[in-house]
Amino acid sequence: MSYIIEIEKLSNSIEYEKGIAKIAYYKALVYAKKGDYINAISGYEKSKKLFTSFKDTLSIARVNNSIGLIEIERGNYEKGLKHALNAVKVLERSRL
């Protein structure tokens with residue numbers, strides 16, 4: 001996590017938006033592994049917003065899938081499935 005924080009500071013200082021988006025995603029992954037789902041989902045939403053502005057469909061799908069997994073782990077199966085299916089739709093639309 002200390003490396004992620006340092007990279008986040010650097011990305012913010014040079015205003016590297018793609019770096020900020022990726023770091024928000026990786027930070028959210030760490031939070032999810034630790035079971036801190038509130039911070040994880042917050043990070044995923046931040047990264048999703050940035051990835052959407054770049055039209056990075058693969059990353060948007062990855063984020064949706066990650067949110068879906070968290071929701072399923074928390075017992076919110078319907079919400080989790082909705083995010084997972086959204087990830088599939090994003091990929092289908094982009095034809096990746």
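This is a predicted model: local features need pLDDT of at least 70, side-chain atom pairs count only at pLDDT 80 or more; totals for chains, interfaces and linings use all residues.
Reader: Let's start with helix H1. How do you know that the span of H1 agrees with its number of residues?

Author: H1 covers residues 2-13. At 1.5 Å a residue, its twelve residues should span 16 Å, and the end C-alpha atoms are 17 Å apart, which agrees.

Reader: Which residues of H1 are buried, and what makes them line one face of the helix?

Author: Ile4, Glu8 and Ser11 are the buried ones in H1. Seen down the axis of H1, the buried residues fall within an arc of 65°, so they line one face. An α-helix has 3.6 residues a turn, so residues three or four places apart point the same way.

Reader: What do the buried residues of H1 pack against?

Author: They pack against two helices, H2 (17-34) and H3 (37-54).

Reader: And which residues sit on the face of H1 turned away from its buried side?

Author: That face carries the exposed residues Ser2, Tyr3, Lys9, Leu10 and Ser13.

Reader: Why is Leu10 called exposed?

Author: Exposed means over 50% relative accessible area. Leu10 has 51%, so Leu10 is exposed.

Reader: Let's turn to the salt bridges. How many does a search of the whole structure find?

Author: The search finds three salt bridges. Side chains of opposite charge can pair when their charged atoms come close.

Reader: Why is the pair of Lys9 and Glu6 called a salt bridge?

Author: The cut-off is a side-chain nitrogen of Lys or Arg within 4 Å of a carboxyl oxygen of Asp or Glu. In Lys9 and Glu6 the closest N and O atoms are 3.5 Å apart, so the pair qualifies. Both residues lie in helix H1, three residues apart, about one turn of the helix.

Reader: What about Arg74 and Glu71: why is their meeting called a salt bridge?

Author: The N to O distance for Arg74 and Glu71 is 3.9 Å, and the cut-off is within 4 Å, so this pair counts. Arg74 is partly exposed at 43% relative accessibility, whereas Glu71 is buried at 4%.

Reader: Now the loops. What is noted about the phi of Glu15, and where does Glu15 sit?

Author: Glu15 has a positive phi of about 55° although it is not a glycine. Its place is in the loop between H1 and H2.

Reader: Which phi does Lys55 have, and what makes Lys55 exposed?

Author: Lys55 has a positive phi of about 60°, although it is not a glycine either. Lys55 lies in the loop between H3 and helix H4 (57-73). Its relative accessibility is 67%, and exposed means over 50%, so Lys55 is exposed.

Reader: Last stop: why is Ser47 called buried?

Author: Buried means under 20% relative accessible area. Ser47, found in helix H3, has 0%, so Ser47 is buried. Not counting residues up to four places away in sequence, Ser47 touches Ala21, Ala24, Tyr25 and Val63.

Reader: And Tyr25: buried or exposed?

Author: Tyr25 is in helix H2. Its relative accessibility is 9%, under the 20% cut-off, so Tyr25 counts as buried. Among the residues Tyr25 touches are Tyr44, Ser47 and Phe51. Tyr25 and Phe51 are 26 residues apart in sequence and 9.9 Å apart in space, C-alpha to C-alpha.

Technical notes
Residues are numbered from 1 along each chain as its sequence is written. Side-chain values use heavy atoms; hydrogens and water are left out. Helices (H or I, at least four residues) and strands (E, at least two) are DSSP runs, numbered from the N terminus. Buried means under 20% relative accessible area, exposed over 50%, partly exposed in between (1.4 Å probe, protein chains only). The expected span of a helix is 1.5 Å times one less than its number of residues. The arc is that of the directions from the helix axis to the C-beta atoms. Contact means heavy atoms within 4.5 Å.
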